[in-house]
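Welcome! Here is a friendly walk through a protein, one piece at a time. Please keep the sequence and the 3D view at hand as you read.

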Amino acid sequence: MSTHSTAEARNGVAVPARPVMTSRQTLQALSGLLLGMFVAMLASTVVSSSLPKIIGDLNGNQAAFTWVVTATLLATTVSTPIWGKLADLTNRKLLIQISLVIFTLGSILAGFSQDTGTLILFRVLQGLGAGGLTALVQVVMADIISPRERGKYMGLLGAVMAVATVGGPLVGGIVTDSIGWRWNFYIAVPFAVAAIIVLQFTLKLPKVRKKVTIDYLGAVLIAAGVSLLLIWVTLAGNNFEWNSWQTYLMVGGSVVLLGLAVWVELTVKEPIIPMTLFTNRTFTLAVVASISVGVAMFGTSVFLGQYMQLARGATPTESGLLTIPMIGGVLVASTVVGQLISRTGKWKRYMVVGSILLTIGVSLMSTLRYDTSYVLVAVFMFIMGSGVGMVMQNLVLVVQNSVDPRQLGVASASVAFFRSLGGTIGVSVMGAVLGTQVAQFVKDGLTGLGAAGAQAAQGLSGGAIPNLSTLPAPVRVIVESAYGHAIGDVFMLAIPLAIITVIAIAFLPAKPLGTKTALEQMSDKPADMIVAVSADEVAATPRTDSVQVVKAR
């Protein structure tokens, strides 16, 4: 059966005919998409378990530790909506391949880093590529799979993200202990290259050519406003006080930039994030819910590694193994619930249960201490992982099911954007609070050791990540207790957000899942709906804004 789509003329305008792809061809294309998403998630997580060693070898401190993670999340966050908008305007297949190339280049360069500054810079490049993959994979899935069938595939996507998010630290730990931490950055390269090749030969999409109008000003304002806000969150409490002139300057500047961005988005022809999307109740509630899911997903993957190594004395490999219950929770929940959604067409009941499990899991994680029984820690991780697995990808699914197919890219990317934004802010705030808490707990603990404590405190000054194996037994217990207590405390910050997620999901409209792919919906629409430009554009440039569709390549 041919995989080519042909152009069909309506009222003189070429519109895409329905794509002809067999189930086997769809699964082959899906394998490339899943590889791409695996690469994107691996960028943020594979170094988590080995970061204490990486930062130690590069002579970094707790601020550098947080920034190595935050830099990637920040770049992913600010670039995601831009990639999503480009997906609505240009060749989606080419965009995915470009983002994979950018990611691969960033990964290779990061492996050659000689200090934390260059490592952070190249992690930004990784994040730009990962932002494209985060935005585009789910958009292309919507092109070739209907919402009703997409549930089970979203389950597979959630499982892949679970393995990468929480399994990444395990792989990173093994690699670090065996051949060195630099290979953490090289390990994703073969997957990226494989994804590029698979997508080239299996993904067949209609190629739509139209006049492209890119909102450069809006993109710059959004990126600058969000970046300034996240930089403030990372630096406040360490480099300067929360209540200081720097805070007022940075927060005020961020508010002004984002305010200008909203104004631009309301006035331009092709906004990066159309404000009209927020009139869609499902989209708005999904965005709210995505924020805390991002905090739970990214915060857990980052700080569980520190908890296992610095509070329980585990090696990087052991740290990864100890987080397997989290993988199991996400894997089982996302796969089983995805199958149930596709089979029954019902999704809301599972998402409500998932949001409740997420809240319970985060609350239980806030009770962590350095001597908490691992059996209890494993149960806590499994509960929270199950909640994330039932909610995370299905939020994107319900949004895709409720928006106009012409806005599929920007709507999907916007949900991912706010999830990444929540995760980035969450990691930044948690990192700042953790650094402050640990310093205070260690100081209080060492005070009771007299002269020996004063000498140990001098060795631990500067905020550097400690090497537990070199510390005297009494000091080691104090440091482990400090990290265990502080990491438990930072999870308390996510509890209010998790409760808000329960409320947001409870009010989501229970709209039935559609049975047509995005491309099929587009081919069913009248020609004047296919031309995704405004009336003003058509009136101004009736010839150059026409849409031309060619065969899939």
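Leu376 is found in helix 15; helices (H or I, at least four residues) and strands (E, at least two) are DSSP runs, numbered from the N terminus. Leu376 is partly exposed, with a relative accessible area of 43%. Here buried means under 20% relative accessible area, exposed over 50%, and partly exposed in between (1.4 Å probe, protein chains only). From Leu376 to Leu364, 12 residues apart along the chain, the C-alpha separation is 9.1 Å.

This is a predicted model, in which local features need pLDDT of at least 70 and side-chain atom pairs count only at pLDDT 80 or more, while totals for chains, interfaces and linings use all residues. Residues are numbered from 1 along each chain as its sequence is written, and side-chain values use heavy atoms, leaving out hydrogens and water.

## The whole protein

The protein has 22 helices and four strands. Of its 553 residues, 57% count as buried. Among contacts with a separation of 6 or more, 84% join residues 24 or more positions apart; contact means heavy atoms within 4.5 Å.

## Helix 15 in detail

How does the span of helix 15 agree with 1.5 Å a residue? Helix 15 covers residues 374-400, and its 27 residues should span 39 Å; the end C-alpha atoms are 40 Å apart, which agrees. The expected span is 1.5 Å times one less than the number of residues.

Helix 15 also bends by about 30° at Asn394, the bend being the angle between axes fitted to the seven residues ending there and the seven starting there. Because 21 of its 27 residues are buried, helix 15 is largely enclosed by the rest of the structure.

## Where helix 13 meets helix 15

Helix 13 (residues 324-344) packs against helix 15 at an angle of about 35°, with the axes 6 Å apart. Axes are lines fitted to C-alpha atoms, for helices over the stretch in contact, and angles run from 0 to 180 degrees between N-to-C directions. The crossing is right-handed, meaning that the near helix is turned clockwise from the far one by less than a right angle.

On the helix 13 side, the residues that meet helix 15 include Gly328, Gly329, Ala333 and Val337. Their partners in helix 15 include Met381, Gly385, Val388 and Asn394. The residues of this contact divide into 14 nonpolar, seven polar and no charged. Ala, Val, Leu, Ile, Met, Phe, Trp, Tyr, Cys and Pro count as nonpolar, Asp, Glu, Lys and Arg as charged, and the others, Gly among them, as polar.

Arg343 also lies in helix 13. It is exposed, with a relative accessible area of 61%. Arg343 and Lys152 are 191 residues apart along the chain, yet their C-alpha atoms are separated by 8.5 Å.

Leaving aside neighbours within four places in sequence, Thr116 is in contact with Ile55, Leu58, Gly60 and Ala64.

Helix 10 (residues 245-267) has 23 residues that should span 33 Å, and its end C-alpha atoms are 33 Å apart, which agrees. Its buried residues are Thr247, Met250, Ser254, Ala261, Val264 and Glu265. Val268 lies in the loop between helix 10 and helix 11 (281-311) and is partly exposed at 29% relative accessibility.
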